[in-house]
Amino acid sequence: MSFGLSEVSVRFGATTALDHITFAAPRGSVSAVVGGDGAGKTTLLGCLTGAIEPDSGRVERPAKRLLGVMPSTSGTWRDLTVDENIDFVARAYGITGEDLRAKRGRLVAKAGLDRARDRLARQLSGGMRQKLGFVLALLHGPTLLVLDEPTTGVDPVSRVELWGMISEAAAAGAAVAMATTYLDEAERATTVLVLDSGQALASGTAGEVIGSLPGTISVVDRPADPRRAWRRGRVYHEWHPGGDSTSAQIDSDVDLEDTVIAQMLRRREHAST
Amino acid sequence: MWAMVMKEFQELRRDRRTMAMLIALPLLLLVVFGYAANFNVSSIPTNTYGPQAQKVADGLKDPFDVRTVDPGGSRNDAETAVRDNKVDVAIVSQSSGKPTALIDGSSLFAAQSAVSAFAMSGGQVETDVLYNPELKTSWVMVPALAGLILTFIGVIVTSLGLVRERQEGTLEQLAVMPFRPFDVIGGKIAPYFVFAAVDMVLVTVLGVILFDVPFNGSVVVFALGSLLFLLVLVGLGGLISSLSQNAGQAIQLALFVMLPSIMFSGMIFPLAAMPWTIRWIGYVMPLTYFINIAQGVMLRGAPFTALWLSFLVLAVYAVVVFTAAVLRLRRDLAPNVKAQPRQDVAAKTAVAA
């Protein structure tokens, strides 16, 4: 079964937050939505969870009890300990007794929180708090997991651990829909939707998204057209819509980050003409 | 510094509640409190009983406002009228001799005015101050203060509860959990209700012990009134919480309940001395009704039948504030609701089991 949005539009007054967006989140896979600030990622996830009603389009989601959500703020109760957070959410879903003990033990160990069980959530590091938030979203065995920038502000090691948990949840059969600003992470997702100002720039597997960009990208010390160039490390990457770069300069290792930036530049060029 | 001043003005301009407090509130407070701050009771509800009831009534001048003249009535009838807060003064006459004015000492300012007026009349009427013979301020203030302290704790502390969920981002987490808005409001305020109930017992017992305030009535009636009052307070706190985006807003709104409660509930300034243009504010405040119950039970030993109207008002109040809080919170918690629903919505939402 697949959850997701089909041709969904959302308007807030005169602003179009989502413009005929289609986004599929099949069970057993991780579907990422990427884009800059204000792209519409959180609105899309809001439609998926039911927090926002679209103006038009269709949404497929599981029943509320089978929905797991992790907001960008982690969704943990700061003045409760790790165990108390888990117990509260478990009680809300009617998970008690041996079932609760088994789930709590397994998830806490997997999240590396077993030595912090008595620590208040506000005393946890950012990464630990995000992992606790993920545990809370996963606790009741949802069929759709909606994660809003779960790794933002998290240290690299915790990011790897969180991704391990996300992948495991998908492997166990959950549909995972996540928003992220980290494009290297998005490449690990089964499918990616690139959003900019509420519009879909590209979608598909990371390879398909990268392949959908017309023209070539070159790596140069000094760009010929600064409006189509961006800095990565010590060099510039420059997009050539007509493929008019010299072969020596062509970046043979174009990644999702290059593609997304180039797609955004492309859209803005179209919008201004 | 100029940059700082400009920034502050820009922020204030967008904070409408603070702007309203800064501009409108001082004017409102001056006008309203100017009228409220009056200790002189110009009208004292009075009944006369006994064979000379009519003669006594005819002889009464301001500030006495004769409501009932009952030539067949007895001292018992007079005491009941005062106990049940029907009047502040009941004058009982016999066939001969001086009539006796029974004065309700729990209505402190009215009683002081009555005693003073009778003294100036040259001793034509004997006075008997009931329920607070020495006209002690503490006896009247302790039951009212218990209510005020509870208003402070109940409204302000409770109002911060939901706001914290909103500020920490856990309200959206609650929205997707299997809770109804009533579960969230009820669950949030239940602990505050318990603590406020314990506070109520402590404040009342301590007030009775420290200030020798009598407790003449039924503990059960007092407990029932207190619980109803606390329910209103935590409900108001919940409503304020659901209307506020942050702690500052919650406290501002709570103050809008606190200030009129102090000024218009009759705790400091007698309601009877206020013109009706502002007196109605007192009748909107739940503290007014609690004070009526607390002073009635503790000082006058009034039974439930004499206080039923205050109980009824508090019960209606509780239902209204809880319903309003739940409805307001439903907007935040219930999915599929946009702030401004559109007429041309064509969205179809499918929910798979």
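## Arg159 of chain A

In this predicted model, the side chain of A:Arg159 makes a polar contact with the side chain of A:Glu185 at 2.8 Å. A polar contact is a pair of N or O atoms within 3.5 Å; within protein, one must be able to donate a hydrogen and the other to accept it, and residues adjacent in sequence count only if both atoms are side-chain atoms. A:Arg159 belongs to helix α5 of chain A, which covers residues 156-171. Helices (H or I, at least four residues) and strands (E, at least two) are DSSP runs, numbered from the N terminus.

A:Arg159 counts as buried because its relative accessibility is 17%; buried means under 20% relative accessible area, exposed over 50%, and partly exposed in between (1.4 Å probe, protein chains only). Leaving aside neighbours within four places in sequence, A:Arg159 is in contact with A:Thr151, A:Val154, A:Tyr182, A:Asp184 and A:Glu185, where contact means heavy atoms within 4.5 Å.

A:Gly215 is found in the loop that runs between α7 (206-211) and β10 (216-220) of chain A. With a relative accessible area of 38%, A:Gly215 is partly exposed. Its contacts, apart from neighbours within four places in sequence, are A:His240, A:Pro241 and A:Gly243. A:Trp239 is 24 residues away from A:Gly215 in sequence, and their C-alpha atoms are 7.3 Å apart.

Chain A is assigned domain 1 (3-75 + 129-204) and domain 2 (207-272); domain bounds come from an automatic or database domain assignment. In the contact between them, domain 1 of chain A supplies 16 residues and domain 2 of chain A supplies 12 residues. The centres of these two domains, taken over C-alpha atoms, are separated by 27 Å.

B:Val89 is part of strand β3 of chain B, residues 89-92. This residue counts as buried because its relative accessibility is 0%. Beyond its neighbours within four places in sequence, B:Val89 has contacts that include B:Phe64, B:Val82, B:Leu102, B:Ile103 and B:Phe118. B:Asp332 lies 243 residues from B:Val89 along the chain, with 53 Å between the C-alpha atoms.

The assignment for chain B gives domain 1 (2-36), domain 2 (44-130) and domain 3 (137-349). Between the C-alpha centres of domain 1 and domain 3 of chain B there are 26 Å. Eight residues of domain 1 of chain B are in contact with 13 residues of domain 3 of chain B.

## The largest pocket

The largest pocket holds about 1,200 Å³ of space. Among the 40 residues that line the pocket, B:Asn85, B:Ser107, B:Leu271, B:Tyr283 and B:Asn292 are the closest to its centre. On a 1 Å grid over the protein atoms alone, a pocket is an open set of points where a 1.4 Å probe fits, with protein on both sides within 12 Å along at least five of seven lines; lining residues have an atom within 4 Å of a point. A volume is the space filled by probe spheres set on the points.

The largest pocket lies between domain 2 (44-130) and domain 3 (137-349) of chain B, because both give residues to its lining. The greatest contribution to the lining comes from α13(B), with seven residues. By class, the lining comprises 22 nonpolar, 12 polar and six charged residues. Ala, Val, Leu, Ile, Met, Phe, Trp, Tyr, Cys and Pro count as nonpolar, Asp, Glu, Lys and Arg as charged, and the others, Gly among them, as polar.

## Basis of the values

Residues are numbered from 1 along each chain as its sequence is written, while chains are lettered from A and ligands numbered from 1 in the order in which they are written. Local features need pLDDT of at least 70, side-chain atom pairs count only at pLDDT 80 or more, and totals for chains, interfaces and linings use all residues; side-chain values use heavy atoms, with hydrogens and water left out.
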